[in-house]
Amino acid sequence: MSQINALPNGPHAANDVGAQAPNRPELSAQARTALDQRITGVVQRFEVLPYQARRINRTQGQQVGYTIGRIVGAVLTLGVSEGIIAIGHKAEKLNAQNLREQAVSRLTTAAYANEAVGRAVQSGEGFPSPAFKSAVREAVAELKHIFGDVLPENAADLPDLPFARELSSAVKASLAQMEEEVSPEQLKALVLGKAVPLVQKEAMQKEMARSFSAAGFRGEPAKLMDEMMRGLPRLQEELSRCGDREAFARVFEAHRKEVDAFTATNKARSDALDHAVESLAARLGLSAADMHMRMPARLEELERELRQIAPGAQTLSELCIETADAFVGKVDAAFTFVDSLGLSPQLAALWKDMVLTAPVLPSADLLNGAFRLAESVDFMGGAPIPFMNAMGNAEDFYLALSNLGQRMEQLASSIVDPDVWRELGPDGQSNLLRFAMPALMDKWPALRQTLAENPGFLAELRHKADDVMKANRGTEAGMALAFKDAVRCANLIDAFGVAFASKAQIAAAVTKPEALPKAYLQALNRAEASVRSRFSGVALPADFMQAYPFSGPKLSNLLREAVENSGEALSPEGFGQMALRLMNRAAADAVARQTIAERLEQADIEGTHAFTHRENVNDAMLVLVKRHPELVEALSGAFGLQAVRSTLDGLDDFAPMLRFFADASRAWAAGERYLYRRMAEATGLPEADVRERLNTAGILRGNAFHYQRGDWLNILKDPAQSLAVLPSSEEMIQLYEGMAERFASRKGALYQSVDGLPGLSEGYRAELKEAVLKGSELKMPSFFERCSRTAQDMYAAPLLRAIEAGEDGGTLLEAVRSLAQQYDSASHVTFTPDILADMGSDETSSIQRYSIGMFMDLNPALRGSLDAERGNALMAQVEEEMTTRIAQELSRAHPESPAYAQAQARYAQAATMIMLLNGMTQGQG
């Protein structure tokens with residue numbers, strides 16, 4: 001609100017409310033403060049109402065909008081308190097009773113107050129009183145005192161805690177259930193009560209991390225903690241009773257052997273998984289990242305096998321490696337067998353994808369059986385005539401599919417060796433049919449082409465199969481055949497879909513997954529589930545497709561481009577792999593940002609109002625990507641939190657870069673403190689007042705401090721530049737304090753000069769001092785002195801005599817024009833070309849405003865000397881001259897000609913006349 005008071009009054013700021021100002025009594029300072037506080041309280045209370053409580057009808061909305069417009073006009077003209085008084089009677093005319101019934105009546109007083117506190121706890125600001133914020137800070141301080149290094153050393157407030165979001169949500173939910181208004185003491189107790197279990201969880205993870213680190217295990221404590229607690233119930237029970245950091249350490253030490261055994265077991269499994277991935281990647285000519293993306297189901301299968309190995313075995317690591325080697329051999333054998341069958345390239349690629357993604361790893365016997373089955377289904381003479389004839393009838397086509405499914409199942413049991421068939425079991429038999437169906441479709445190009453021309457037909461069939469399955473799921477044996485037929489038909493339909501999803505169809509559906517063929521949608525969902533599983537405990541994007549990983553293109557655009565640039569055939573598995581890698585990129589981006597944020601927090605960076613933690617993190621990410629162009633791809637293939645962090649820590653300049661951000665932030669904060677201290681010394685104001693009122697746009701954000709930080713960032717972003725060229729922390733502080741000293745000395749001198757300006761009223765002196773603090777454009781120490789000399793060289797007597805004599809408009813305008821000419825001459829004397837060359841454009845444009853303002857203050861008889869009608873009419877004449885005759889002269893003259901310069905001077909003179917008339921007109925100045 002205070003910033004509104006500093007706005008200049010323009011020629012169109014008048015309104016009927018403002019015109020009444022001279023008749024209003026002057027408020028005492030105490031009354032003005034009380035009124036402002038009361039209005040501020042009303043605004044704050046209205047802002048915390050829930051959305052439903054703020055709904056009003058259209059007519060009331062129009063009234064409120066109209067009144068708000070008048071409030072703004074009044075505040076611009078009169079200031080905050082006077083503006084409030086001016087619109088007081090207008091506000092009373094609103095239907096207050098109706099608004100109260102629709103808004104406030106929906107909330108009890110307690111719920112209303114507690115919701116405000118809950119929102120403040122979540123956002124970290126906007127507490128109803130300082131006591132509530134102090135209560136939260138005291139709770140955090142007690143937690144730190146009790147639990148020590150479990151919490152960040154620099155944690156001073158709830159947002160600084162690692163579980164801040166979870167804690168604030170729990171506190172807000174509890175506040176919503178309270179029937180009485182919460183007190184600060186109750187809020188403190190509530191925060192402590194909700195925080196203790198979260199701190200205990202944090203302590204467990206830190207102890208696990210220490211154990212993992214000592215064993216050289218890169219496991220994620222957050223992901224394995226639940227498993228350890230389930231396996232060690234006594235440990236969990238004892239930890240839940242721990243009330244401080246020392247108790248946690250004692251309990252963990254007492255169970256050290258069990259914790260170390262758990263760590264060793266999981267390390268052996270993790271090492272075996274890494275061994276399997278690296279071995280397969282080497283055998284298949286793929287990267288480890290590709291193997292992670294393409295075979296999540298296979299790795300889960302291997303992990304299940306590894307978990308079956310007895311943890312107490314003395315050769316646990318060797319047994320895990322042996323199991324991994326056997327697993328690699330089976331996958332490799334399946335790939336080799338697919339290559340030996342002589343399949344079409346499209347079908348071979350699809351089968352290899354299915355080998356990696358099928359729920360159960362297919363054996364050579366299963367693959368051979370699927371191939372022979374597809375080759376044997378030739379009971380229609382090699383041409384699918386019944387299907388072609390049924391294309392227009394979904395019922396007939398569905399029946400044909402059902403018959404085909406039954407026929408395939410009957411053939412499978414006769415083609416495959418009976419012993420092999422029995423060994424496959426239900427899951428393996430179903431898997432065999434899944435492999436055979438796309439192979440069968442690969443034989444019928446005519447049918448594939450026909451269906452490709454009717455994409456809606458497959459969707460209709462799939463819906464029918466789904467409906468039949470839903471209707472018969474869990475039914476008695478009498479309906480089991482119908483259910484089984486529906487499953488077979490659905491698999492066949494999916495096989496058709498595999499053959500026909502075009503790249504254009506997939507690309508178009510990237511942002512509308514529901515439009516994807518089911519097999520592709522399932523692949524997309526599997527990819528997302530896999531990424532979320534690997535990065536549990538990380539704040540991942542709610543919608544991956546809307547993410548902008550590493551500040552690059554939107555993920556949906558990246559996926560669409562990948563689809564369009566893929567080969568001729570794109571299987572669901574291939575599409576899933578594309579999506580998996582890109583989603584993993586977005587997840588890696590989230591982990592990288594989280595890691596940078598945690599490291600910066602650990603560095604105990606002092607906060608400034610200029611650069612938030614998020615901006616530091618964003619800048620650090622940009623620096624990393626610029627210095628290491630290969631990093632995005634490397635992190636895209638880093639699966640899991642630890643893998644991403646290991647990749648970052650493997651960069652030689654990662655730690656030095658973070659140190660720069662810590663040093664730069666500390667230096668900025670030191671420069672900022674120095675600035676406020678020096679400005680307080682120069683103005684004689686309390687430092688708290690200076691912090692609240694000083695406009696720092698001329699030095700901090702968007703100016704000198706900002707530009708210097710930008711120069712350092714440019715060095716960081718250049719991979720050819722060594723970080724050694726950056727200044728030390730102390731040098732940064734000296735540089736920022738030097739900038740602050742120059743700014744404060746100039747601003748301070750300008751502020752002090754106001755007291756020496758002759759003839760001004762105390763009220764206007766106060767306005768000038770406020771303008772120094774709140775106006776970023778005012779910098780030159782002698783600016784006001786020069787404006788004062790300009791104002792004193794202007795003579796108001798001829799204009800006053802013309803007004804008192806009741807001269808006509810033409811005579812008055814000539815008198816005003818004479819004053820404008822005086823201003824022009826005087827200002828050119830006081831503001832010489834050399835002086836103007838040292839001034840910024842914003843400061844130069846302020847000369848007229850403050851010179852005319854001082855002139856009007858030195859000649860109070862001129863202010864309001866014209867009634868509104870006459871003053872507005874005279875201003876309209878001058879505006880007409882500016883927009884017609886002078887504007888035409890400017891448009892016709894060459895910019896470098898004398899005629900153009902003369903027209904420019906007349907235009908500037910007319911602008912001065914407008915400013916003078918504005919100050920002389922009642923209700924305007």
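Which helix does Y900 lie in? Y900 lies in helix α45, which spans residues 898-920, where helices (H or I, at least four residues) are DSSP runs numbered from the N terminus. The model shown in these views is predicted, so that local features need pLDDT of at least 70 and side-chain atom pairs count only at pLDDT 80 or more, whereas totals for chains, interfaces and linings use all residues. Residues are numbered from 1 along each chain as its sequence is written, and side-chain values use heavy atoms, with hydrogens and water left out.

View 1. Leaving aside residues up to four places away in sequence, Y900 touches L890, A893, H894 and P895, contact meaning heavy atoms within 4.5 Å. Between Y900 and L890 there are 5.7 Å in space, C-alpha to C-alpha, at a separation of 10 residues in sequence.

**View 2. Packing of helix α29 against helix α33.** The axes of α29 (residues 572-602) and α33 (residues 654-683) come within 10 Å and cross at roughly 55 degrees; axes are lines fitted to C-alpha atoms, for helices over the stretch in contact, and angles run from 0 to 180 degrees between N-to-C directions. The two helices are therefore oblique to each other, given that angles under 35 degrees count as roughly parallel, over 145 as roughly antiparallel, 65 to 115 as roughly perpendicular and the rest as oblique. The crossing of α29 past α33 is right-handed, that is, the near helix is turned clockwise from the far one by less than a right angle. I596, R599 and L600 of α29 make the contact with F654, L658 and F661 of α33. By class, this contact has five nonpolar, no polar and one charged residues, where Ala, Val, Leu, Ile, Met, Phe, Trp, Tyr, Cys and Pro count as nonpolar, Asp, Glu, Lys and Arg as charged, and the others, Gly among them, as polar.

**View 3. Packing of helix α18 against α29.** Helix α18 (residues 345-357) packs on α29 at an angle of about 60 degrees, with the axes 8 Å apart, which makes α18 oblique to α29. On the α18 side L350, D353, M354 and T357 meet E573, G574 and Q577 of α29, and the contact has two nonpolar, three polar and two charged residues.

**View 4. Packing of helix α37 against helix α43.** Helix α37 (residues 762-774) and helix α43 (residues 847-858) pack at about 165 degrees, their axes being 11 Å apart, and α37 is therefore roughly antiparallel to α43. The crossing is right-handed. Y764, L768 and A771 of α37 make the contact with Y850, G853, M854 and D857 of α43, which by class gives five nonpolar, one polar and one charged residues.

**View 5. Lining of the second largest cavity.** A cavity is a set of points, on a 1 Å grid over the protein atoms alone, where a 1.4 Å probe fits but cannot get out, and lining residues have an atom within 4 Å of a point. The second largest cavity holds about 30 Å³ of space, and its lining consists of F550, S551, R593, N618, M621, L622 and V625. Helix α30 (residues 613-627) gives the most to this lining, with four residues.

Terms used
1 Å grid on protein atoms, 1.4 Å probe; cavity = no way out; pocket = protein on both sides within 12 Å on 5 of 7 lines; lining within 4 Å. Points joined across faces, edges and corners; volume = space filled by probe spheres on them.
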